[in-house]
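Dear colleague,

Please find below the structure I promised to pass on, followed by some notes on what turned up in it.

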Amino acid sequence: MSVDPGPDDHRPRGLGFVCDVLNGPPTAAAWSAAATAHGGRELGGRDVVEDRLAAAVRTLRGIFATPDAETAAGRLNAVLAAPPLPVALARTDDGRWALRPAVPADADAASSLLAIGAFALAERLSDRGRCAWGVCAASDCDRVFVDEGRRRPQRFCTERCATRTRVAAHRARSAAPAPDAATPAGG
Ligand SMILES: [Zn+2]
């Protein structure tokens with residue numbers, strides 16, 4: 001007898017889960033680990049076709065890289081339109097009601113990710129009125145993130161990447177070639 005899915009089943013339907021998947025490799029192991037970490041073991045057991053999952057990740061990463069709301073909305077609508085995505089009211093773990101994608105049980109990982117990701121990003125865009133997300137601006141990092149910046153848009157995935165970039169820029173400035181400070185002789 002199937003029981004009502006616990007609140008845990010609703011938790012992986014959010015942006016935290018989506019970011020984890022997009023920041024990892026598009027493999028069955030990473031998919032399962034991300035879903036389990038967000039309390040969605042059932043979701044983690046879905047069929048992973050790596051090519052399809054990689055394509056879904058690329059699609060969503062393209063939206064994360066879009067700062068323009070009009071463009072992002074167009075792309076999100078394209079994902080939301082095909083195939084038709086059923087939604088359902090679900091109880092979140094803090095007892096609130098939320099509208100969530102009702103991803104069919106036989107949908108594979110790639111379809112599930114597209115449905116969950118597009119829905120969560122669309123919700124974010126309508127909540128914040130802007131593309132409150134991004135791809136890290138650090139030169140050696142391409143992690144996606146949810147922009148929690150209140151005053152100005154967030155550019156880095158973490159404080160660590162922001163600090164590292166600031167330090168590198170500072171070093172580059174200090175190392176700017178003074179005309180007669182030639183390369184140290186060394187040795
Ligand atoms: Zn970063």
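Predicted model: local features only at pLDDT ≥ 70, side-chain atom pairs only at ≥ 80, totals over all residues.

Residues are numbered from 1 along each chain as its sequence is written, and helices (H or I, at least four residues) and strands (E, at least two) are DSSP runs numbered from the N terminus.

Two packed helices are described by the angle between their axes and the distance between the axes. Here the axes of helix 4 (residues 50–64) and helix 5 (residues 69–81) come within 9 Å and cross at roughly 155°, where axes are lines fitted to C-alpha atoms, for helices over the stretch in contact, and angles run from 0 to 180 degrees between N-to-C directions. Helix 4 is therefore roughly antiparallel to helix 5, since angles over 145 degrees count as roughly antiparallel, under 35 as roughly parallel, 65 to 115 as roughly perpendicular and the rest as oblique.

On the side of helix 4, Thr59, Gly62 and Ile63 meet Ala72, Arg75, Leu76 and Val79 of helix 5, with contact taken to mean that the C-beta atoms of two residues, placed from the backbone, lie within 7 Å. The residues of this contact divide into four nonpolar, two polar and one charged, where Ala, Val, Leu, Ile, Met, Phe, Trp, Tyr, Cys and Pro count as nonpolar, Asp, Glu, Lys and Arg as charged, and the others, Gly among them, as polar.

Turning to the strands, strand 1 (residues 87–91) and strand 2 (residues 97–101) pair in the antiparallel sense over five bridges, and pairing requires that DSSP finds at least two bridges between two strands. Their hairpin has five residues between the strands, and Gly95 there takes a positive phi near 90°. Ala88 lies in strand 1, and its bridge partner in strand 2 is Arg100; the two are twelve residues apart in sequence, yet 5.5 Å apart in space from C-alpha to C-alpha. Ala88 counts as exposed because it has 11 C-beta neighbours inside 10 Å, the cut-offs within that distance being 12 or fewer other C-beta atoms for exposed, 20 or more for buried and anything in between for partly exposed.
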